[in-house]
Amino acid sequence: MNQQRTQVAVVGGALTGLSAALFLAHQGIRVTVVERHPDLLPHPRLRGITPRTVEVFRQVGLGPSIRRESFSAEDGAFVPLRANTLADEYEPVAEPGGAEFDDPRTFSTDAYAGIDQDRLELLLRDRARELGADIRHFTEVTALDQDADGVTVTIRDRASGDEGALRADYLVAADGSRSPVRTWLGIETDGPGVLFDTITALVHADLSAAVRGRRIGIAYLQKPRPFSSMMPHDDSGTRWLFSTGYDPRQESVADFTTERVAEMVRAASGLDDVEVSLRPQIPGTDVTVLGFPIGAQVARSYRSGRVFLAGDAARIQPPTGGFGGSTGVQDAHNLAWKLAAVLAGRAGPGLLDTYDAERRPYGELAMQQAFARFGDRMAGGAQGELLDYAAVTMGFRYASAAVPGNHDTAPVPAAELRAQPGTRAPHRPTADGGSTLDLYGETFVLLAGSEGQEWARSAKDPGTVSGVEVRSYVLGADIDIADGEEAHGIGPRGAVLVRPDGFVAWRSQAGAADPAATLAEVLRTVLAKQD
């Protein structure tokens with residue numbers, strides 16, 4: 001059997017898998033994506049991405065493209081609504097968070113981006129290929145075997161039936177909620193499981209008479225039955241995603257014929273005589289109706305040897321809150337720099353253990369918050385405490401060996417982010433019109449207080465930790481920020497070390513007797529270096 005070689009194999013070429021390919025390629029890693037569908041799906045699936053997710057895509061050059069492709073670009077807001085039908089009066093669904101959520105640019109360079117998943121995936125695939133990623137459609141993985149040195153997957157070309165083997169140092173499983181890879185590895189899940197099942201259809205229908213110029217992000221409806229929703233797929237009012245719950249014990253997806261779904265759309269819209277047509281959802285087929293389980297579960301481990309679970313393969317949650325897609329993207333972002341560091345010899349393999357330690361607790365948090373919002377929007381009352389949206393999406397905190405000394409995982413309100421270890425480094429506008437966030441994405445960065453020149457010199461010393469680049473900036477001298485020290489929780493002699501993913505690894509609020517030795521020890525700890 002012909003065997004091909006890559007550094008990282010990614011199984012699944014949708015949002016999470018393409019994000020993993022993009023972030024890895026940006027780090028200079030050879031990556032191969034294997035996707036079983038013949039092309040990207042035209043199904044929108046998600047309604048947008050959080051400000052933090054826009055930030056990580058800006059790091060790889062996609063910020064302007066995402067803004068161009070987003071709907072309602074004037075402010076990017078997402079408006080969830082409740083109603084009996086689309087034609088009835090709406091009840092806005094409020095998010096806890098107040099002014100912070102209303103104007104996220106007070107703590108970020110970016111607002112919520114209202115971009116549908118199908119449009120975003122096109123951008124990701126093009127950019128990943130531009131950076132050298134090998135993305136193979138209509139190719140499926142039929143077997144997996146790993147040993148101490150790598151992972152071998154058997155792949156089959158679904159067009160020709162030809163089989164081959166792909167050998168990789170590591171594998172990222174981004175193959176969805178029913179993940180065959182997770183099943184092969186024997187990793188079980190915890191959580192409520194499947195909450196209900198839904199069918200979806202891509203609809204072409206002029207519903208402007210029902211909308212009447214009102215703005216909709218997604219409408220949760222009682223007609224034709226509870227757990228129905230309508231989501232616009234463009235700004236014209238003629239392209240929609242319709243979904244409704246069903247009981248697979250009583251009926252099958254095949255029972256939802258074109259005529260039946262058209263009648264359901266009329267009932268959902270409140271327009272009895274509107275013309276409705278359905279569009280195919282899978283390229284190269286005439287499949288117009290798909291079935292999906294809506295559930296909440298988290299894998300008991302995000303790692304098995306050299307294989308890592310990401311996105312829906314690692315956890316699923318109800319779509320309420322819009323956490324799912326962004327959580328998968330940030331799984332990939334967290335993992336990519338760690339894989340790159342280990343493959344390049346800049347870090348020890350122990351760094352990879354921090355992926356599970358950091359992302360699985362957040363997966364549990366996001367699942368719980370989505371589940372709570374599901375109850376609030378669709379099931380008659382919140383299921384658990386509703387936390388501030390900005391804290392959940394921007395203020396989550398890591399506790400792992402890659403954040404020495406921090407054991408706190410409680411989310412921090414976005415307005416209170418002050419470079420606490422384990423949190424995303426704060427956004428502060430710079431004098432040149434940029435942001436401190438523009439400093440992050442490729443290497444470690446050290447920000448020193450106005451009297452922290454010794455920290456800066458230590459960071460520039462190539463002998464601090466062999467092969468590890470640390471870019472250093474003295475606040476007020478190298479970078480002009482009005483409240484830089486206060487914003488980062490340090491004094492004039494303090495310093496903050498930020499990881500390549502933009503999260504704070506360590507902070508010295510006052511200083512150290514031997515900055516060079518202190519910084520070297522911190523870096524060795526973060527990177528699990530033995531030398």
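## Salt bridges

A salt bridge here is a side-chain nitrogen of Lys or Arg within 4 Å of a carboxyl oxygen of Asp or Glu. The model is predicted. Under that cut-off, the count comes to 35 salt bridges. Side chains of opposite charge can pair when their charged atoms come close.

Take Arg 156 and Glu 140. Their side chains meet in a salt bridge, with 2.2 Å from N to O. Arg 156 sits in strand 7 (residues 151-157) and Glu 140 in strand 6 (residues 139-146), so this pair ties together parts that are 16 residues apart in sequence. Arg 156 is partly exposed, at a relative accessible area of 26%.

## Two further pairs and a network

Asp 312 pairs with Arg 315 in another salt bridge, where the closest N and O atoms are 3.4 Å apart. Arg 315 is buried, with a relative accessible area of 1%.

Arg 493 forms a salt bridge with Glu 451, and here the closest N and O atoms are 3.6 Å apart. Arg 493 lies in the loop between helix 13 (484-487) and strand 20 (495-498), and Glu 451 in the loop between strand 18 (444-448) and helix 12 (453-460), so the pair ties together parts that are 42 residues apart in sequence. Glu 451 is partly exposed; its relative accessible area is 42%. Some charged residues join in a group: salt bridges link Arg 58, Arg 67, Asp 110 and Asp 438 in a network.

## Glu 358

Glu 358 belongs to helix 10 (residues 353-378). Glu 358 is buried, because its relative accessible area of 2% falls under the 20% cut-off.

Which side chain makes a polar contact with the side chain of Glu 358? The partner is Arg 499, at 2.7 Å. Leaving out residues up to four places away in sequence, Glu 358 touches Asn 334, Lys 338, Tyr 398, Ser 400, Ala 402, Val 403 and Arg 499.

## Cavities

The structure holds 5 cavities of 30 Å³ or more. The largest cavity has a volume of about 80 Å³. Its lining includes Phe 23, His 26, His 333, Trp 337 and Asp 501. Helix 1 (15-26) and helix 9 (324-343) each give at least two lining residues. Helix 9 supplies the largest share, 3 residues. By class, this lining has 5 nonpolar, 5 polar and 1 charged residues.

The second largest cavity holds about 60 Å³ of space. Arg 52, Val 56, Gln 330, His 333, Asn 334, Arg 359, Phe 396, Tyr 398, Asp 501 and Phe 503 line this cavity. Helix 2 (51-58) and helix 9 each supply at least two of the lining residues. The largest share, 3 residues, comes from helix 9. The lining of the second largest cavity divides into 4 nonpolar, 3 polar and 3 charged residues.

His 333 and Asp 501 line both the largest cavity and the second largest cavity. Asn 334 and Tyr 398 line the second largest cavity and also touch Glu 358.

## Second largest pocket

How many residues line the second largest pocket? The lining has 20 residues, and Arg 214, Pro 232, Asp 234, Asp 235 and Gly 237 lie nearest the centre. The volume of this pocket is about 330 Å³. Its lining residues divide into 5 nonpolar, 7 polar and 8 charged.

Conventions
Residues numbered from 1 in each chain as written. Predicted model: local features only at pLDDT ≥ 70, side-chain atom pairs only at ≥ 80, totals over all residues. Heavy atoms only, no water. Helix = DSSP H or I, 4+ residues; strand = E, 2+ residues; numbered from the N terminus. Buried < 20%, exposed > 50% of the residue type's maximum accessible area, 1.4 Å probe, protein only. 1 Å grid on protein atoms, 1.4 Å probe; cavity = no way out; pocket = protein on both sides within 12 Å on 5 of 7 lines; lining within 4 Å. Points joined across faces, edges and corners; volume = space filled by probe spheres on them. Nonpolar A, V, L, I, M, F, W, Y, C, P; charged D, E, K, R; others polar. Polar contact = N/O pair within 3.5 Å; in protein donor to acceptor, adjacent residues only side chain to side chain. Contact = heavy atoms within 4.5 Å.
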